[in-house]
Amino acid sequence: MNADEIISSGMLEAYAMGQLSGADARVVEQACADDPRVRAELDQIEEAFELQAMAAAVAPPPAIKAQVLQAVSAEKKGPATAPPVIPITRDTKAPRSWAWLAAAATIAFVVSAAVNVMVLSELKNVRVELARLENDRSVLAEELQVQRASLERSQNMLAVVSDPRMQVVALNGTAADPAAKARVYWDKERKAVHIDVLQLAQAPAGKQYQLWAIVDGQPVDAGVFDMGDGTAPIQAMKGIGNAQAFAVTLEPEGGSVNPTLEAMVLIGQV
Amino acid sequence: MPVEPIQLLERVATGDEAALAALYDAFSPAIYGVVLRMVEKEEQAQEVLQDTFVKIWRNARSYDSGKGRPFTWMVNIARNAAIDLLRSADVKRSEMIRPIEDHVYRIGCDDLNMDLEGADVRNVLTKLRPEHRDLIVQAYYQGYSQQEIADRTGSPLGTVKSRTRAALQELRTLLKDHR
């Protein structure tokens with residue numbers, strides 16, 4: 001930076017007001033030493049501030065002067081100490097109060113960081129908890145589904161059993177399975193047939209039980225049924241409008257067109 | 001002025017109390033006027049003034065006439081003390097959750113209109129273009145650096161620098177007319 005640049009830069013004004021940092025202040029001081037024009041410009045700027053201050057002068061209370069002189073003369077009598085150097089530019093060191101602010105800011109930051117860690121950890125816990133609850137929820141939803149199906153079956157069963165139009169036909173075991181016991185619920189008018197198996201041996205693999213209606217001495221297919229878990233206690237069968245008796249035979253899987261009479265396990269008269 | 005301030009400072013540096021008294025008589029009103037415009041209370045200004053002349057006494061030998069006028073050196077000691085006081089007051093105030101800007105705004109506006117003696121220069125300052133007056137108030141009376149002023153006003157640093165130059169030139173013109 002040459003002299004003209006320094007003069008027009010605003011640095012001299014800033015220097016006079018103590019605004020410049022150490023490095024910039026040295027640039028100005030060097031330029032003043034090197035070039036009398038810079039020195040003269042700075043002097044005029046300083047003079048402007050000085051004139052302004054002189055014109056705006058306020059007489060301090062007289063007691064201050066006495067206090068200054070008293071303090072000074074006390075210092076003179078005291079032990080001689082090497083005076084610290086006060087630079088013409090403002091001390092760039094932050095005043096103590098800023099140090100407190102910095103300390104407060106540091107503490108605030110540390111507290112904030114700690115809170116963040118806590119919040120993050122808490123957030124992680126909450127996420128784990130949320131996943132657990134979501135799992136619980138889906139388990140409960142499945143459970144509800146099962147219960148609903150079960151309820152529906154029970155309601156259907158109840159509807160069948162409690163229907164006053166239903167005729168109940170008791171089927172008893174034959175010599176093939178004397179302990180067997182079942183009931184047929186039959187609504188003759190609506191041709192609705194249901195079977196409620198109370199006691200019956202498990203069908204061997206590859207075999208299914210088949211219900212027959214005996215109409216005028218002839219067996220009429222009323223459908224096959226399964227037993228055990230997952231099957232309704234009372235199962236709807238094929239519609240039958242007329243029958244004198246019902247019988248159950250053990251047939252190959254899928255049922256037969258004609259019953260295997262030797263394999264009849266249940267029979268009951270209407 | 002019977003004796004040049006530079007010679008007075010040289011004598012103060014040798015421990016001449018009478019020279020300090022002479023400097024005080026010559027410059028304490030001008031310095032006090034500046035400090036009064038910077039701090040909140042008269043007692044604070046008095047404290048700063050007393051502190052300033054004790055520092056002048058202690059540090060007179062470090063004054064370098066190659067670096068500036070004696071008044072600049074002395075008034076900047078006072079301004080630094082006042083600025084430190086302002087900053088610590090701002091910190092205390094912010095601890096009480098009152099915005100610093102309140103205080104700055106108050107200094108910037110009201111203090112220039114304080115009913116002090118030497119109202120003529122107050123008038124000189126008020127005659128400055130507002131952006132120049134604001135700049136000198138922030139730089140000289142509130143002690144903000146050019147960078148701080150740039151940050152506070154949202155102006156580019158280059159603008160603050162060139163405007164500082166323009167503000168001082170306007171002030172110099174006004175003072176010349178004033179004389």
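In the predicted model, helix α4 of chain A (residues 36-55) packs against helix α2 of chain B (residues 17-38) at an angle of about 90°, and the two axes lie 8 Å apart. Because angles of 65 to 115 degrees count as roughly perpendicular, α4(A) is roughly perpendicular to α2(B). On the chain A side, the contact is formed by A:Glu50, A:Ala53 and A:Met54, whereas α2(B) contributes B:Ala26, B:Phe27, B:Ala30 and B:Val34.

The crossing of α1(B) and α2(B) is left-handed. Helix α1(B) makes the contact through B:Pro5, B:Leu8, B:Leu9, B:Arg11 and B:Val12, and α2(B) through B:Ala19, B:Leu20, B:Ala22, B:Leu23 and B:Phe27. This contact of α1(B) with α2(B) contains 9 nonpolar residues and 1 charged residue, and no polar ones.

As to its overall architecture, chain B has 9 helices and 0 strands. Of its 179 residues, 52% count as buried. Among the contacts in chain B between residues at least 6 apart in sequence, 62% join residues at least 24 apart. The accessible surface of chain B amounts to about 8000 Å², and carbon and sulfur atoms account for 48% of that area.

Definitions and conventions:
Residues numbered from 1 in each chain as written. Chains lettered and ligands numbered in written order. Predicted model: local features only at pLDDT ≥ 70, side-chain atom pairs only at ≥ 80, totals over all residues. Heavy atoms only, no water. Axes fitted to C-alpha atoms, helices over the stretch in contact; angles between N-to-C directions. Helix = DSSP H or I, 4+ residues; strand = E, 2+ residues; numbered from the N terminus. Parallel < 35°, antiparallel > 145°, perpendicular 65-115°, else oblique. Contact = heavy atoms within 4.5 Å. Buried < 20%, exposed > 50% of the residue type's maximum accessible area, 1.4 Å probe, protein only. Areas by Shrake-Rupley, 256 points an atom, 1.4 Å probe, with all protein chains shown as cover. Left-handed = near helix turned anticlockwise from the far one by under 90°. Nonpolar A, V, L, I, M, F, W, Y, C, P; charged D, E, K, R; others polar.
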